[in-house]
Amino acid sequence: VMFLMTRYVSLISITTASLFPLILIYFKFSSIYVFFAVFISAVTIFRHKENIKRLFQGKERRIYEKKKG
C-alpha cells in the first residue's frame, strides 16, 4: 500500500526495517530474535542514510520515474 502511495522503495525499506522488531515483540518472540531484529534494522537504516537525506531534501527518485537530463 505504501509503495503505491509513495513509490519510494527506500522509504518502504526503512519503514519495514523499523517495524520488524516491533512485530517480533508483538508476537512475543524470544528476546534473542528481537535483539537480532534490532541489529538488522539498525544496519538497514544506516545503509539508507543517503536515501534518508535525499527524502528530506525532496531529491529521492521514485520508482518508474525517468532520469532528468
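Reply: Happy to! What covers the buried residues of H2 includes helix H3 (31-47) and helix H4 (49-57); contact here means heavy atoms within 4.5 Å. Those buried residues of H2 are Ser10, Ile14, Ala17, Pro21 and Leu24, where buried means under 20% relative accessible area, exposed over 50% and partly exposed in between, with a 1.4 Å probe and protein chains only. A word on the source: this is a predicted model, in which local features need pLDDT of at least 70, side-chain atom pairs count only at pLDDT 80 or more, and totals for chains, interfaces and linings use all residues. Residues are numbered from 1 along each chain as its sequence is written, and side-chain values use heavy atoms, leaving out hydrogens and water.

Now to the helix itself. H2 takes in 18 residues, 9-26, and should span 26 Å at 1.5 Å a residue, which agrees with the 25 Å between its end C-alpha atoms; the expected span is 1.5 Å times one less than the number of residues. H2 also has a kink of about 30 degrees at Phe20, shortly before the proline Pro21; the bend is the angle between axes fitted to the seven residues ending at a residue and the seven starting there. Pro21 is also one of the buried residues of H2. Just after H2, Lys28 takes a positive phi of about 60 degrees.

As for the setting, the protein chain has four helices and zero strands, counting DSSP runs numbered from the N terminus (helices H or I, at least four residues; strands E, at least two). Of its 69 residues, 19% count as buried.
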